[in-house]
Amino acid sequence: MIEIKDITKSYGEGDAAFQALKGVTFTIEDGEFVAIMGPSGSGKSTLMHILGCLDTPTSGTYLLDGKDVSTFDDERLADIRKDKIGFVFQSFNLLPRTSVLRNVMLPLVYAGVGEKEREERATKALHAAGLTELHFQHKSNQISGGQIQRVAIARALVNDPTLILADEPTGNLDTKTGEIVLGTFQKLNKEHGRTVILITHEHDVAAHAERIITLRDGLIVSDSKKHARKHARHVHD
Amino acid sequence: MKMSDTLHETYSALSANKVRSGLTILGIVIGISSVIAMVSIGTGASDRISSSIESLGSNLIQITPGAQRTQGFGASGGRGGAKTLTNDDAGAIATQVGNVQAVDSQVSGRYQITAKGTNTNTSVQGVTSAYPQIRNLEIAEGSFISDSQNDSAAKVAVLGPTTRDDLFGIDATGVVGQSIRIKGLEFKVIGISVAKGGSGFMNQDDMIYIPVKSAQRYFSGDQYLTTIAVQATSQGVMTQVQQDITDLLLARHKISDSTQADFSVLNQNDILGAASSVTTTLTYLLAAIGGISLLVGGIGIMNMMLTTVTERTKEIGLRKAIGAKRKDISTQFLAEAIALTMIGGVVGIALGWAISLAVNLTGLVTTSVSPVSVVIAFGVSALTGIIFGWYPARKAAAMNPIDALRYE
């Protein structure tokens, strides 16, 4: 569970200071599929960095599974990222010249998991993300953009995280491929009960989530639960 | 992160950029191999110089004439060319100085030598019967000059093996008993010396020995000597003998101020010490040249690693986002730098060894690669990796994952 209370984030000092987040509060239960929306400059990237434990807030508290991570130092944040968070970025998700399987196993490498278990868990995660053994040994530059994002999703899954955080995961994809990737998120959320937070500036993409939090100028302007969410078809390929 | 994973990452990172890695390694290879080769050559040269000095004779003290003093403002004669040592000086040393094993009086000159249709120009040494003992000279055929032949200024000669080859040909037999002409005077060959393997100015194989009194009578025409060689009874008494000889000769030459001496007394240990200090300096100099190229190689490593870190900024950000700690990142980059230098070190040692062997084959210097220098070279190469990889690795580890991911 994620509980955010009065989070602010400022950059710079004095007159040049810029407040990216001006007091944001919300709670996300386990198993939710939330989209965080807003135009550029709304503070959504800053919020995503804080949610992903890549950065700490200037003030406010962030409870992740009951633990206040807002005051953690670099090394402890790295531990939290390793154990509780799976990232899917817009681009540069995979290590170049490295096989799909090795990419997915990477978080487990840093977690010190043994070689055999790594491979089992990576295989499971790749299957869950809709990829077959056919692709496992391909290098990351030999697969399509849609496949790259799904490998990234598999990697985000592999350490069994509390939260999957996706930052504009469809930003570099065409609409059709983007749909497939969003479908994968929906499937993981629905069938595997994964908590997914999707950061986007597109309405169409946000519409795939159950709940949309909209940010503007560092504040929440709306937090709506949708009942009829847009369904994307998850397909295997 | 496990060791095997670190190695896996290192291998894939280095093999991703083979040309660049190869060139960087080459820098280290050149550095390490030059250290190994140069030190081995330096050591070899130093050994060679010491052994050739020792082959001149053991516990040897040499007295040579100094510059002849002139009254007033006259020009002084060249050092060594003066005529200040006489047969009587040599005799006095033999009888009045203690701990002296043998004394040899010498007169040297260079003359034209002829034998049945051949001729050569070589060094003619007027010596006494003490020469073979003092100079470690052995006789291969015939005999050496005897005291009676010296006293009677007999026209007899002992040839060095090179001189014999020059005059009579390499396959010549029965040379002993034949005649040669030195400056037109006929001498009878009574012996051939054993090869000592010298070279250059002091080639002891290219020499003719005749009785010193014959040399004085027929060639120099006076009673002066060019060298008095004294063999002390042991290494330990050499300094004392050297001092006694100096005192005796000063008294005989009626010189009260030792700085005005018209001769110089050289202890073989002094020559050895001077030569070895020269060769030690030479070895250091060679090692320093190698060290500088190693330093340049190390800077090459650092340069490559800094470029790599910048190029892989996004990768570092990604690794950090998925849970890599500072230590994981710094270990990875440090491992790459150390791998580069270790590979360079191994190849460099092999190459340095090969160079050293090749130099050996030329026969100029007998080189030897000591295990210690190999161990040091290997340690230095690993250390180079750590030193020059440390800063780039730390830079990589300190990257903020957000900035790293956003880096364009």
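So, quick one to start: is B:D5 buried or exposed? B:D5 is buried, at a relative accessible area of 2%. And just so we're clear, what you're looking at is a predicted model.

Okay, who does B:D5 talk to? Its side chain meets that of A:R102 in a salt bridge, 3.7 Å from N to O. B:D5 lies in helix α1 of chain B, residues 3-16, and A:R102 in helix α3 of chain A, residues 100-111, so this pair joins two chains. A:R102 counts as buried too, with 10% relative accessibility.

Now stay on helix α1 of chain B. B:E9 has a salt bridge to B:R319, at 2.7 Å, N to O. B:R319 is in helix α10 of chain B, residues 313-321, so here the bridge ties together parts that are 310 residues apart in sequence. Both ends are on the buried side of the 20% cut-off: B:E9 counts as buried at 5%, and B:R319 is buried at 2%.

Here's the bit I like. Salt bridges with shared partners put A:R102, A:R118, B:D5, B:E9, B:R312, B:E315, B:R319 and B:E336 into one network.

For contrast, have a look at A:D74 and B:R326. Their side chains form a salt bridge as well, 3.6 Å, N to O. That one crosses between chains, going from helix α2 of chain A, residues 74-84, to helix α11 of chain B, residues 326-362. But these two are partly exposed: A:D74 comes out at 44% relative accessibility, and B:R326 at 35%.

And the overall tally? Searching the whole structure turns up 22 salt bridges over all chains. That's it from me.

Terms used:
Residues are numbered from 1 along each chain as its sequence is written. Chains are lettered from A and ligands numbered from 1 in the order in which they are written. This is a predicted model: local features need pLDDT of at least 70, side-chain atom pairs count only at pLDDT 80 or more; totals for chains, interfaces and linings use all residues. Side-chain values use heavy atoms; hydrogens and water are left out. A salt bridge is a side-chain nitrogen of Lys or Arg within 4 Å of a carboxyl oxygen of Asp or Glu. Helices (H or I, at least four residues) and strands (E, at least two) are DSSP runs, numbered from the N terminus. Buried means under 20% relative accessible area, exposed over 50%, partly exposed in between (1.4 Å probe, protein chains only).
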